[in-house]
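Have the structure open as you read.

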Amino acid sequence: MSAKLETLENRLRETLGERLARLVAALGEITIETRVADYLETMRLLRDTPELGFDLLVDLCGVDYSAYGGNWTGRRYAAVTHLLSVAHNWRLRVRVFAEADDFPVLPSIVPVWNSANWFEREAFDLFGILFEGHEDLRRILTDYNFVGHPFRKDFPLAGHVEMHYDPELGRVAYRPVSIAPRELAPTVRREAGYGDGGN
Amino acid sequence: MAMAAIEGTEETMSDIRNYTLNFGPQHPAAHGVLRLVLELDGEVVVRADPHIGLLHRGTEKLAENRTWAQSLPYMDRLDYTCMMCSEHAYCLAVERLLGIEIPERAKYLRTLFDEVTRLIGHLLSLGTHALDVGAMGVMLYAFREREDLLDVYEAATGARMHPAYYRIGGVSRDLPDHMPQYRESKWKNAATVKKLNENRQGSLLDFLEDFTERFPKHHAEYHTLLTDNRIWKQRLVNIGIVSPERAKQLGFTGAMLRGSGIEWDLRKKQPYAAYDKVDFDVPVGVNGDSYDRYLVRMEEMLQANRIIKQCIAWLRTHPGAVMAENHKVTPPRRADMKSNMESLIHHFKYFSEGIHVPEGEAYAAVEHPKGEFGIYAVSDGANKPYRLKIRSPGFVHLSSMNEMARGHMIADVVTIIGSQDIVFGEIDR
């Protein structure tokens with residue numbers, strides 16, 4: 001691990017203290033996890049502490065962990081945020097798991113970084129994660145009147161409905177999807193050390 | 001309000017009410033399928049609400065259902081005006097997860113093609129921006145040069161638009177020794193063909209070198225057409241001003257951030273490929289308006305030309321492999337498969353089951369012509385990505401439309417769209 005990452009790690013531990021639920025340094029990147037209750041405060045600290053100086057929110061996305069590794073037991077939905085500091089030239093990944101799997105709610109971080117606005121709308125649209133305090137939480141990428149959250153792991157790839165022109169109604173309409181579900185490349189997970197020839 | 005109080009009727013109130021205008025989704029200046037709902041007070045924009053997603057194809061979901069190598073060509077289809085840069089981010093993310101190092105020549109080839117792509121993207125954005133604002137001619141000039149670069153694409157990869165040239169572990173093949181030439185036809189006689197083929201006698205690098213020699217002259221022509229053009233300046237100067245603080249708060253990257261006066265370029269700050277070995281400058285704007293962003297992009301083209309020259313010089317003298325030799329994660333050479341059993345097995349496994357990427361997560365970003373283009377890949381050890389998030393610059397830039405357009409005239413909205421340099425393939429994904 002480079003000296004720069006070590007500096008960042010130390011400063012994170014120093015600044016966040018108890019709020020830091022988990023810190024992983026891997027592949028030249030630092031990931032921290034925080035609890036929902038500390039989330040907003042953690043984000044504010046990350047932005048406002050000059051030693052950290054994360055002034056740019058690069059990305060925020062939802063992740064549905066329910067099928068992870070085929071044996072996931074933790075909470076299902078998480079929001080993963082990528083932060084960047086222009087002054088210090090370092091990056092950070094922040095993950096926060098929503099408490100309830102059937103009704104995931106997270107605080108909105110739009111007041112901290114305005115660029116989170118559309119990212120949170122996207123995560124709501126695609127994963128159904130609700131962002132408390134977001135002023136305009138509408139769907140963004142899917143069609144008007146779309147039902148469901150397409151990027152959840154239990155949503156089929158071909159969807160539930162398809163669009164067609166209905167000559168009787170004189171307009172386009174929805175009907176159940178006619179494409180049979182198929183898997184082009186089955187998911188394969190290998191045990192550790194597979195293909196090493198037993199060495 | 002005052003009028004209504006005097007008249008005391010509801011009708012007068014409704015006469016001065018704001019009205020809403022639908023801009024797009026079929027508007028030629030919307031750069032694709034953008035539906036912009038504009039709330040107007042006379043000709044002044046009070047609120048701009050972009051409705052996006054009309055081109056949403058669920059690329060990220062599709063990628064979760066394909067093997068790692070199969071998802072690569074989807075990256076071309078995100079930003080279909082700067083194709084190879086998106087491939088680059090994807091390859092970098094997967095290579096980081098795999099922990100493999102690619103050959104030096106592949107790094108230079110990627111740098112070369114990133115810059116060719118930057119020129120392709122900027123030439124298109126310049127041409128269409130000028131067209132939207134009312135200058136027809138610039139597009140004709142810009143596309144003249146763009147055509148040559150697309151010929152480079154075609155000669156190297158076989159495709160003008162969706163090359164799928166970068167691969168996990170390197171690039172798909174080395175540069176060709178010959179540049180394809182025009183042939184005589186009903187429409188082109190011998191003399192025309194001879195003239196067209198003049199700079200196509202040598203290799204692709206010769207053709208590209210000839211281009212880099214010509215380009216500064218052509219670039220000066222764009223400057224003549226636009227930079228001091230009175231109408232162009234009236235339409236761009238002081239339109240869509242973003243302060244450096246707001247630019248960071250709104251998540252701007254690339255030319256949008258540099259136009260606001262912040263010197264931030266991933267090629268310099270977090271170098272990837274061979275950017276730490278080439279020499280170039282980063283232009284920065286002063287006022288943060290559309291005109292500054294235009295100037296930044298113009299200068300970036302000249303710098304891209306400079307980088308291409310350096311890459312050509314390096315590539316001429318350093319032959320070598322262009323794909324990593326670890327055939328657990330890269331396809332083996334065709335010729336080896338004829339005689340080597342193991343290569344045959346590698347080939348079969350690579351194209352049927354796909355490669356296995358160790359459990360973990362990685363975020364890799366490149367300086368895309370439009371800003372920071374990032375790929376966040378999560379792997380659970382399977383042969384497919386568990387989650388692939390595409391961080392596209394256009395999505396973030398368009399989300400600031402409301403703030404940038406507020407208080408401007410409706411015609412300025414077109415300028416701002418052009419200045420944001422948005423493409424819907426990457427915004428809707």
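How many disulfides are there over all chains? Taking a disulfide as a pair of cysteine sulfur atoms within 2.5 Å, the count is 0. Before going on, some housekeeping: this is a predicted model, where local features need pLDDT of at least 70 and side-chain atom pairs count only at pLDDT 80 or more, while totals for chains, interfaces and linings use all residues. Residues are numbered from 1 along each chain as its sequence is written, chains are lettered from A and ligands numbered from 1 in the order in which they are written, and side-chain values use heavy atoms, with hydrogens and water left out.

Back to the cysteines. The closest cysteine sulfur to that of C82(B) belongs to C85(B), and because the gap is 6.2 Å, it is too far for a bond. C91(B) is in no disulfide either, its nearest cysteine sulfur being that of C85(B) at 12 Å. C82(B) is buried at 0% relative accessible area, and C91(B) is buried at 0% too (buried is under 20% relative accessible area, exposed over 50%, partly exposed in between, with a 1.4 Å probe and protein chains only).

Now for the core. A nonpolar core here is a set of buried Ala, Val, Leu, Ile, Met, Phe, Trp, Tyr and Cys residues joined through side-chain atoms within 4.5 Å. The largest one has 172 residues, and those with the most contacts inside it include L12(A), I32(A) and F113(B). Leaving out residues up to four places away in sequence, F113(B) touches M84(B), V152(B), Y153(B), A156(B), Y165(B), Y166(B) and L175(B), contact meaning heavy atoms within 4.5 Å.

Helix α6 of chain B also holds D132(B) (helices are DSSP runs of H or I, at least four residues, and strands runs of E, at least two, numbered from the N terminus). D132(B) counts as buried because its relative accessibility is 19%. Beyond its neighbours within four places in sequence, D132(B) is in contact with P28(B), A29(B), H31(B) and V414(B).

Finally, look for the largest cavity, lined by S125(B), L126(B), H129(B), W232(B), Y294(B), R297(B), G418(B) and D421(B). On a 1 Å grid over the protein atoms alone, a cavity is a set of points where a 1.4 Å probe fits but cannot get out, and lining residues have an atom within 4 Å of a point. α6(B) gives the most to this lining, with 3 residues.

How values were computed:
1 Å grid on protein atoms, 1.4 Å probe; cavity = no way out; pocket = protein on both sides within 12 Å on 5 of 7 lines; lining within 4 Å.
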